[in-house]
Amino acid sequence: MIDFELTEEQRALVETAKRFCKERIMPIAAECDRISEFPRPVFEEAWKLGLANPTLPAEYGGPGLGDLDSVLITEELAYGCSGIQTSIEANTLGMTPIKLAGSEEQKKKYLGWLATEPVFVSYATTEPGAGSDVAGLQCRAVKQSDGSYVLRGTKAWITNANLASFYVIFATENPELRHKGIGAFIVERSQAGVSVGKHEDKLGQRASDTAQVMLEDVKVPASQVLAPPGHGFKVAMETFNQTRPDIGAIACGIMRRCLDECVAYAKERKTFGVPIAQHQLVQAMIAEMAIRIEATQLLTRKAAWNLEKGYRNPIISSCAKAFGADAAMQTAIDAVQVFGGNGY
């Protein structure tokens, strides 16, 4: 039996996230975007409410919510500002490799850290020359005789790099080995050799912190090796699989905001003596927005449902992310058109 109805608890969660968005994100979103600054007090409030780290397991002190709960929260926060939302929710991406591959000691220490303090963890695969081609990364991991590793290299476009207390770094023992040489390592910001580059001045999502992470002979003890070389690529790929639905949810939030703003504006703005909402072209663009929202929500929630049920289906999670991103882009472009000169 298929049931699309949210539970009473999920409806309450949505209302909490919606209210938080309206009261704490929307009033400051435009200014945060203008000055390109993430409002850390907003994260701390979200953390207290359980809106940050939603899928952090209860046994380590977290909210212990499911993947569907997570996408519901993400969608509501993205309605207010996808930049602020991205930095609030990026811990889900950063903690997932530890959930998947961490030892019990690592989970207690690092997941427990996220549960007891409003701190950030960053996920770092991307490099200046390796983005979608994760197997092509060049950051080196050199094993030492005591079981530790020394990391050298640069990670690029890392969300919350300036804010993070620790990072999950993917590095290779030999770039020629491609995916067979990649390992995963937990690196604390305070460790010698770790530095962060300048805050990136971005075109969009400006309220989300983005920067490079430089690793200069950073010694990572054996206790912080998450996955040894040869085992890290699978961790990275499964992390993407489990967090792609959230990207679809971000798209839903963006599109819902576009739709609401366009409907309100189209009822007020007049051309040729009538509100533009009466023009067939505007009606068609608004209708297409609504269609994209419905389609992306269904894909996203199905992908999250699969994860909760233990049905591993990377195709569905990939579809949710890819379709949602394209749909949100087109919806934003159409929204600018509905607003005309004011949109520009």
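Let me start with a term: a residue is buried if its relative accessible area is under 20%, exposed if over 50%, and partly exposed in between, using a 1.4 Å probe and protein chains only. Helices (H or I, at least four residues) and strands (E, at least two) are DSSP runs, numbered from the N terminus.

Next, the ground rules. This is a predicted model, where local features need pLDDT of at least 70, side-chain atom pairs count only at pLDDT 80 or more, and totals for chains, interfaces and linings use all residues. Residues are numbered from 1 along each chain as its sequence is written, and side-chain values use heavy atoms, with hydrogens and water left out.

Now helix H8, residues 314-339. Which residues of H8 are buried? They are Ile316, Ser317, Ala320, Gly324, Ala327, Ala328, Thr331, Asp334, Ala335 and Val338. What covers them? The cover includes helix H6 (232-268) and helix H7 (280-309).

Length is a quick check on H8. The expected span of a helix is 1.5 Å times one less than its number of residues. The 26 residues of H8 should therefore span 38 Å, and the end C-alpha atoms are 37 Å apart, which agrees. After H8 comes Gly340, with a positive phi near 60°.

Move to the other end of the chain. Helix H1 covers residues 8-35, and helix H2 covers residues 40-49. Their axes come within 11 Å and cross at roughly 170°. Axes here are lines fitted to C-alpha atoms, for helices over the stretch in contact, and angles run from 0 to 180 degrees between N-to-C directions. So H1 is roughly antiparallel to H2. On that scale, angles under 35 degrees are roughly parallel, over 145 roughly antiparallel, 65 to 115 roughly perpendicular, and the rest oblique.

Who makes the contact? Contact means heavy atoms within 4.5 Å. H1 brings Phe20, Arg24, Ile25 and Ile28, while H2 brings Val42, Glu45, Ala46 and Leu49. These divide into six nonpolar, no polar and two charged residues. For the classes, Ala, Val, Leu, Ile, Met, Phe, Trp, Tyr, Cys and Pro count as nonpolar, Asp, Glu, Lys and Arg as charged, and the others, Gly among them, as polar.

Ile28 sits in helix H1. Is it buried, exposed or partly exposed? At 26% relative accessibility, Ile28 counts as partly exposed. From Ile28 to Val42 is 14 residues in sequence and 9.9 Å in space, C-alpha to C-alpha. Setting aside neighbours within four places in sequence, Ile28 contacts Pro39, Val42 and Ile84.

Between H1 and H2 is a loop, and Ser36 is in it. Ser36 has a positive phi, near 55°, in a residue other than glycine. At 11% relative accessibility, Ser36 counts as buried. Phe272 also has a positive phi near 55°, and it too is a residue other than glycine. Phe272 lies in the loop between strand E9 (270-271) and strand E10 (274-275). Phe272 is exposed, with a relative accessible area of 82%.

On to the cores. A nonpolar core is a set of buried Ala, Val, Leu, Ile, Met, Phe, Trp, Tyr and Cys residues joined through side-chain atoms within 4.5 Å. The largest one has 41 residues, and Ile25, Ile84, Ile88, Leu151, Phe185, Val187 and Leu215 touch the most other members. H1 gives the largest share of this core, six residues. Apart from it lies another core, of 25 residues, including Leu114, Ala130, Ile182 and Ala227.

Next, helix H3, residues 67-80, which holds Ser70. Ser70 is buried, with a relative accessible area of 2%. Ser70 and Pro54 are 16 residues apart in sequence, yet 6.0 Å apart in space, C-alpha to C-alpha. Leaving aside neighbours within four places in sequence, Ser70 is in contact with Pro54, Thr55 and Asp246.

H3 also meets H7: their axes come within 7 Å and cross at roughly 150°. Among the residues in contact are Leu68 and Glu75 of H3, with Arg301 and Leu307 of H7. This contact divides into five nonpolar, two polar and five charged residues.

Last stop: Glu238, in helix H6. Glu238 is buried, at 14% relative accessible area. Beyond neighbours within four places in sequence, Glu238 contacts Leu100 and Arg312.
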